[in-house]
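Me: Please take a close look at one part of this model. Then show me what surrounds it in the chain.

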Amino acid sequence: MSLMDTFLARRSVRQFTGEPVSDDEIRQIVEAGMLAPTGKGIRPWHFITIQDPDHIHGLIGCRRGGPAMLETATAAIAVLGDTTKSDTCIEDSSVALENMHLMAFSLGLGSCWLQVRLRPSEKEGVSTMAFLRERLGFPNQMELEALLVLGHSAKEPASHALDELPRGRIHREVW
């Protein structure tokens, strides 16, 4: 499969079969994240892998609107950036997340980026960051970019098509 074919075929998946994601698959996904480029090669990210079903279900109220995908997911990876190491830790974490999405897809897994930064939790007056900091135990200097939610896809979403791209948003030389 060409890289363009991968970009076209990889879609966010929010429903999973319940089949576990293996330790080896988690390892490969995290390694792909660690191979992402970072500003000045600082590598300010950290990862928390979550595979225990009870722990995953304990994260369900982390964001208002209830991320239902956590009900059937069999793994998640919290991607954090160390704000004391780099002022680009959020961008660096985002690039790592994209690598991780692509690796999950290449392994035949479904994934979804669960945005948590700057979002409220279902618990009144508690941010998603505070909700997850309490459950995952990460230190204050760590900024949680997102959760990568993982599992075996319950259904295969249709691929993207190049002719659907918003080409009117491409500008040459000037706006």
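Reply: Leu3, Met4, Phe7, Leu162 and Leu165 form a nonpolar surface patch. Together they have about 470 Å² of accessible area (Shrake-Rupley, 1.4 Å probe, only the protein chains shown as cover). Patch members have over 30% relative accessible area and no salt bridge, with nonpolar side chains (Val, Leu, Ile, Met, Phe, Trp, Tyr) joined within 5 Å and like charges within 9 Å. A salt bridge puts a Lys or Arg side-chain nitrogen within 4 Å of an Asp or Glu carboxyl oxygen.

The model is predicted: local features need pLDDT of at least 70, side-chain atom pairs 80 or more, while totals for chains, interfaces and linings use all residues. Numbering starts from 1 along each chain as its sequence is written, and side-chain values use heavy atoms, without hydrogens or water.

Take Leu162. Its relative accessibility is 38%, so it counts as partly exposed (buried is under 20%, exposed over 50%). Leu162 sits in the segment after S4 (DSSP runs, numbered from the N terminus: strands E, at least two residues; helices H or I, at least four).

Now the sheet. It is open and antiparallel, with four strands ordered S1-S2-S4-S3 (pairing needs at least two DSSP bridges). S1 (45–50) and S3 (110–115) are the edges; each has a single partner strand, so one side of each lacks a neighbour in the sheet. Six bridges join S3 to S4 (residues 142–151). Trp113 stands opposite Leu148 in S4. Helix H2 (residues 23–34) packs on the sheet, touching S1, S2 (75–82) and S4 (contact: heavy atoms within 4.5 Å). H2 makes about 165° with S1 (N-to-C directions, 0 to 180 degrees, axes fitted to C-alpha atoms, for helices over the stretch in contact). Helix H5 (residues 89–106) lies across S1, S2, S3 and S4, at about 10° to S4.

Notes:
Buried < 20%, exposed > 50% of the residue type's maximum accessible area, 1.4 Å probe, protein only.
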